[in-house]
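Welcome! Take a look at the view below, then read on.

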Amino acid sequence: MKKNSLAQLFEGRKKYILISIIILVIISVFIINNLNKAIDVEVYTVKQEEVNDTYKENAVISLGKEYHILSKVNGSIEEVLVNENSPVKKGDVLIKISSRDLEYQKQLRQSSLDSYIAKKEESDIGKLMATSPMEYISGLKSSLDTAKAAYEAAQTDYSAKQALYEAQSVSLIELETSRANFENAKSNYETASKRLDESNKYLQSLKAEGLSEKDISEKFYESTKKQIEAAIESEKTAIEQLEHQIEDCEVKAEYDGIISKIPAKDISMAVAGQELAVIDTNNNEYRLECSVLTDVIPYLHVGDRMKAEFNLRGVKKSFDGKISEIYDFATEEKSPLGLNEYRVKLVAVLDNAGDDILKNGYGVDAIFTLYKNDNAIAVPIGAVFAEDELDYVFKIENKTAKKTPVSIVYKSSTQAVISEGLKEDDKVIINADEEKLNDGSKVREKK
């Protein structure tokens, strides 16, 4: 009986071991099959093709009768020199905007420029070398203290003016003047602070090099001289910009015509982008006006060709033209969905409107070319994915997905134009992100 029991136990163990081996074999086969299983993917074969991406916007036709004069600066209106129905010539001054704040800013910049020039001249003739770097830094500290005091005083004055303006105790002009003084004082303080900090750090770095006092002095003042020269160029640029703004305070006519509207008469303070006057040019020129999204503006330039399309009783009419003007500033508008978006006004001139088909005030579709290349290497936009601020595609090589870096020169809503990384007849995987692929994954092209 005992012998039979042992035999049965042994037989039971053999069955258990056999079953375990079978299970392990099945699992191993399953794992191997899955490891070697290819992922079915959609594939795009790269070829040279024409890429012509356009942008469409609603526009309004004007028969050259109205030219809107917009302010390019902020400031109080000092004088309106024209009335409605006044004839004007191109270049005539129509409106004068106060340039007092701009003149004051220019004076501050000029004083700063003169100071830098004087310091440079001292350095050039060797007078500055008579003092040690530490004495020079001490002088910078004094300048910073003076700038800080002026900044704090201007800040206090501006805060007070804001409260008084809200209480209607001071005018908007007084508030704007105080704001301009505060911003200039803040800029001067930040500049003085930066110069002191940079000079201190540079002096400490020279000392850390173990240089002699003479070598430290020479290197320190050479660096200081370069800083001064950079500051001089910066102040000159700022003064040049202010001079342009001061010129813009005289609002001039850019066309011959007749003043049809003069909104400037009803406002005391002009804001950049605000309409000040309207000129009736009366030259029968077909002009097209529209507002374009700021994202699109970098692709458009004055002189670029464009088209206008118009449906006349179910028949589409097309007119050629070119962009004649792109405004320098954007305005905030509401989209049809109620979202805030920034747009830039653009004007185009049509070559002709064909037998007076278009009329003043007609709505048309303005079509602009954003990118055009007759022999571009382009792939579907879904084939491109980004990692660490670089662009990649999965290119198929030997039935595997190879992560390949690419350089993109233009993206439309449907295509990416590639300048480097792909060539004709390469195969890339469409919708790379959706396929959950890895570099080296086995793939199989969907039939």
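Which element supplies the largest share of the lining of the second largest pocket? The answer is β14, with 5 residues. Please keep in mind that this is a predicted model.

**The pockets**
- The second largest pocket holds about 490 Å³ of space, and Leu-70, Ser-71, Lys-72, Asp-248 and Glu-254 lie nearest its centre among 18 lining residues.
- Its lining divides into 8 nonpolar, 2 polar and 8 charged residues.
- The largest pocket has a volume of about 690 Å³, and its lining is made of 27 residues.
- Nearest the centre of the largest pocket are Ser-112, Tyr-116, Asn-188, Thr-191 and Ala-192.
- In the largest pocket, α4 gives the largest share of the lining, 8 residues.

**The nonpolar cores**
- The largest nonpolar core has 35 residues, and Leu-288, Leu-300, Leu-350 and Phe-368 have the most contacts inside it.
- β16 gives the most to this core, with 7 residues.
- Leaving aside neighbours within four places in sequence, Phe-368 is in contact with residues including Tyr-55, Cys-290, Leu-300 and Leu-346.
- Another core, of 22 residues, lies apart from that one and has Ile-77, Ile-95, Leu-102 and Ile-259 among its members.

**Helix α3**
- Among the buried residues of α3 are Tyr-136, Leu-140, Tyr-151 and Lys-161.
- After α3 comes Gln-168, with a positive phi near 60 degrees.

Key. Residues are numbered from 1 along each chain as its sequence is written. This is a predicted model: local features need pLDDT of at least 70, side-chain atom pairs count only at pLDDT 80 or more; totals for chains, interfaces and linings use all residues. Side-chain values use heavy atoms; hydrogens and water are left out. Buried means under 20% relative accessible area, exposed over 50%, partly exposed in between (1.4 Å probe, protein chains only). Helices (H or I, at least four residues) and strands (E, at least two) are DSSP runs, numbered from the N terminus. A nonpolar core is a set of buried Ala, Val, Leu, Ile, Met, Phe, Trp, Tyr and Cys residues joined through side-chain atoms within 4.5 Å. Contact means heavy atoms within 4.5 Å. On a 1 Å grid over the protein atoms alone, a cavity is a set of points where a 1.4 Å probe fits but cannot get out, and a pocket is an open set with protein on both sides within 12 Å along at least five of seven lines; lining residues have an atom within 4 Å of a point. Grid points are joined across faces, edges and corners, and a volume is the space filled by probe spheres set on the points. Ala, Val, Leu, Ile, Met, Phe, Trp, Tyr, Cys and Pro count as nonpolar, Asp, Glu, Lys and Arg as charged, and the others, Gly among them, as polar.
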